[in-house]
Amino acid sequence: MLSINLDDAPAEERERELGDYLSDLLEEVSAYSSSGMSATRTELARAVARQLVTAQHTGGFLLASLFAHYLAEHGRPLTPVEAVRHVPDDLPGMLDLHLGVLARERPAIRPVLSAVANGLGEGMPLEIVHAVATALTAPPGTPPGLDDTREVIEAASFYVRTATDTDGRRLYRFFHQSLTDHLARADDADRRRLYAAVRDSVPGRDASGEPAWDLALPYVLRHAAQHAVAAGEFDPLLRSPGFLVHGDPTALRAQLGNARSLRARQVAHLVASALEPQDDPWRRWVWLRANAVAWQEKWLLHGLDALRSPDSRPRDVLTLQWGSQTREISDEDLRYPEQAVFAGTEEGPVAVVAYASGTIEIKDAGTGGTLTTLHSSNGDVTALAASTVDDTVLVVVGTNSGRLSLWAMDGNGTRWSVELPDEVAGAAIGTLRGVWVVAACTPRDVTVYSVEGDHLWSADVHDTWLAQHVANAADAPFNDIAPQDDPSAAVTALECTDITLAEFDGTPAVIVGTSSGTVELWDIDGGGHRSRAVHTSRIHSVTPSRGGTTRHVAVCADDGVRTLNLDDGRIVELPDSGGMAQPVALINVNGEEHTAVARLGRVEIRTPRGAVPHAPASPDGASLRALAADGPRLYGVAETRHHRADILSWIAPDRGLSTWEGHDAEVVSIALVDHAGRQLALSLSNDGMLHTWDTEDGLCVYSGRHPQATSATVGVLDDEPVAVLTEAMAGTARLIGLTDGRTRRTWRCPSEFTDPRWIRFEGTDTLCGMSSGGVALAPLTAPEKVRQVPGGRSHAYAAGDIGNFSLVAYGSWDGTFAVLDGPNTRWFGTVNEDEKDLPELDALALGAHEGRPVVVAAYSDGRITGYGVLDECEVFTLDTGDDEGILALHTVAWGSSMRVVAVSYDGVIRAWSPFDGPNALGEVEVGGQYGELAVSGSGVLATDGARITYFSWATEQSTEG
């Protein structure tokens, strides 16, 4: 279809076309439609068209139509001269001209049309237009009634186009974007009022006290998130369990990147995997609840449980029990962390890490995942501090160029930035007498700012104010040391090395460490200076206690770590605490303050008396960059041997190092095994991280890194649950304990050995897999003795004892496959030259029905077919409905028969009882593409990228098979 832009036509042609168009419009207006008005109508139309073209207006036809409507509402007919005089200079003027006429009888015209202009998508329904117009009516105006709103829309119908919503309601929007641009409110306060009107249109409250989102209009569920983002209210909306369940998942997912605070970004990540458009709200409830359990988000768990009673939950054949956590990892190649600090939040600390590249990464201390990154372009980061103020994490950054900046982690970026006269040696953020301040030191200056960036005071350490008379008596009461205020005293050549803030028992203090080993203290206003010799060598860090009954500062210097009690001036030296720069933290254990010191690759916990009750170790090759305490829990930022930052965590000083229980890379192997009355699950990702889980509650019972492992399977050997790890690059296999990760034995294994499975074959625990020569079988009692099943390189296989039969099935891409039973080989499929269009074979599995073996084949057209091995005939056919094929196929013994479980490329897990009919018992439909499956009589373990999920069978009739 040919498209012509009339604005590009010559002026004469545009004037003629506009004149004819306006004349035709006026012919429908009573004041200009009589036969005696024909000449006046034509002259007026041409005069107005000439004026529009002369003013070089674009969109002339829109302007002409609007002016025609103005003339229709004006009353008496205008002369051509009067009409030209009324033509506005621009489109906004033309709109205001017409709306001014309409407003004479309808004062609500502006707020109502402004509401329509703020509508999203296909438009707003009448109820929401009315609610928004009421909210936008400025005093002393009278808010419109619902009938008033309806009449305004009818009166302005020329501007409005309609559509029908999913519930049958009519939606209203403007027909031209320029109308929306002119009438939409852009003020922040108006956006907040608009969002509040949309949110408050939801009738009633649910059991958690939140709006009853299940009763909201479709428009509200579709667009509440967008309105919340525009109003700056998206973060609170993310904390509404009811909206997460009932809101439009596609629209909500599109806005997750607009989460501003660090906490909101954490929530956005944990809910993202549950926002699949094909799920109904209650299935989304199931996924959200599983995520709440995995991430230990009690607020979400309680909110979801309040939405409905347990007996109202629909029963599926597979019930989601738990899933592993995932975390965001920065796309940037961040290496060589140089500075790190922690900031406490209501839900736990976050870590702030500065890298040699100038990038600053904010990490979730609980998972180690990346929350956001900043970029400092003003030199190398030499000082770092962080704290939480009014639910916002503030980060102070100092550089070697003297730049001091305050960043807010609420999406607003830099709050302020100043230039100091020298390199920033230390920075701190905290409260002094209830007022939040930022303090920084260069080698010779101490400066304090408000968090708004106002300079409060400065002190020059080379000024005569810092005198030479430093208290030398280590046991002298700290508060008895006299202020040094002799202006004639000699200047001590001190350099500031670090700074911190502490408010002990209501007494605020700015505390600075120096190159000479002294600690300098100032009051809140910069006066009341005190000094104390704590060390005899250069101080690297000063760390105050964050609670408890004493007032301590841990001071780390070249000659070790000492604590200074600010109540009585007592100094306690920690014996054998080493020296040089090393992270320290004060940690409260059972009401007593301990000092955590990172030394020689270990974290040593020491009491004020110098004892060492516990010494949790850090991983091999890790160098700690920071320590922080959150109650009895200790956190650390470590630089790994690959020069990346990793978060370490000790639940308590007497507990070992805890690791993050999840995968950062794709899970390549999963397996299930029963032992001692419980079922254990294994998951291995392609970066070598292996986890063992208790499937009853999803608790991780072992985590370890096995960097050479490429695949894994599990079983029970000598009454112990164990795993076999194949290491393709090394050409070895390794037997390890499933709950401790310790190696039991190793043996040579062909490098091409893939897809290993632990089976019973000929009554023996056997490791089987694919090799270049076909299916390979190795008894676990003598795994070096590999038996090769002839048949060449196969595409799919299955093997195991089925009743009294020991079977091996293998097949190729062409859809044919064979089943070996001792010396007997049975072929299934076709080898006829006339039938080459068979779908490709995707997977094979073995099962039994009424004691007779069945081989199950899955094809690339989504079809699953069962064949009786003994009768060599087809016994059932199932259809997934996905013509992309099958990713994984399994069977499980069920009574005297079996069930078939498959996952297809559309991301759906389906289960059948094939001998009861072709219809699926149920399915689990989620987004993303599932990979491997592991199936037992208790449940199904599935992978989806870096995550694993466990489902239990929703029936009590299962039996082991």
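The model is predicted: local features need pLDDT of at least 70, side-chain atom pairs count only at pLDDT 80 or more, and totals for chains, interfaces and linings use all residues. Residues are numbered from 1 along each chain as its sequence is written, and side-chain values use heavy atoms, with hydrogens and water left out.

**View 1. Overview of the protein chain.** The protein chain holds 18 helices and 58 strands. Helices (H or I, at least four residues) and strands (E, at least two) are DSSP runs, numbered from the N terminus. Of the 961 residues in the protein chain, 54% are buried. Buried means under 20% relative accessible area, exposed over 50%, and partly exposed in between (1.4 Å probe, protein chains only). Among contacts in the protein chain with a separation of 6 or more, 47% join residues 24 or more positions apart; contact means heavy atoms within 4.5 Å.

**View 2. Packing of helices α1 and α3.** Helix α1 (residues 11-26) packs against helix α3 (residues 38-54) at an angle of about 135°, and their axes are 8 Å apart. That angle makes α1 oblique to α3. Axes are lines fitted to C-alpha atoms, for helices over the stretch in contact, and angles run from 0 to 180 degrees between N-to-C directions. Angles under 35 degrees count as roughly parallel, over 145 as roughly antiparallel, 65 to 115 as roughly perpendicular and the rest as oblique. The contact includes Leu18 and Leu22 of α1, and Leu44 and Val48 of α3. Its residues divide into ten nonpolar, three polar and five charged. Ala, Val, Leu, Ile, Met, Phe, Trp, Tyr, Cys and Pro count as nonpolar, Asp, Glu, Lys and Arg as charged, and the others, Gly among them, as polar.

View 3. Four strands form an open sheet in the order β5-β6-β7-β8, with antiparallel pairing. Two strands pair if DSSP finds at least two bridges between them. β5 (337-343) and β8 (370-375) stand at the edges, each with a single partner strand, so one side of each has no neighbour in the sheet. On average, neighbouring strands of this sheet are turned by 20° against each other, direction ignored. Strands β6 (residues 350-355) and β7 (residues 359-364) are joined by five bridges, and Val350 has Asp364 as its bridge partner in β7.

View 4. Strands β37 (residues 720-727) and β38 (residues 732-737) are joined by six bridges. Ala723 stands opposite Ile736 in β38.

**View 5. The hairpin of β52 and β53.** Strand β52 (residues 886-894) pairs with strand β53 (residues 897-904) in the antiparallel sense over eight bridges. Ile886 has Ser904 as its bridge partner in β53. Two residues lie between the strands of this hairpin, and Gly895 in the turn has a positive phi of about 65°.

**View 6. The surroundings of Thr497.** Thr497 lies in strand β17 (residues 496-504) and counts as buried because its relative accessibility is 9%. The C-alpha atoms of Thr497 and Gly426 are separated by 6.4 Å, although these residues are 71 residues apart along the chain. Leaving aside neighbours within four places in sequence, the contacts of Thr497 include Ala425, Cys441, Arg538 and His540.
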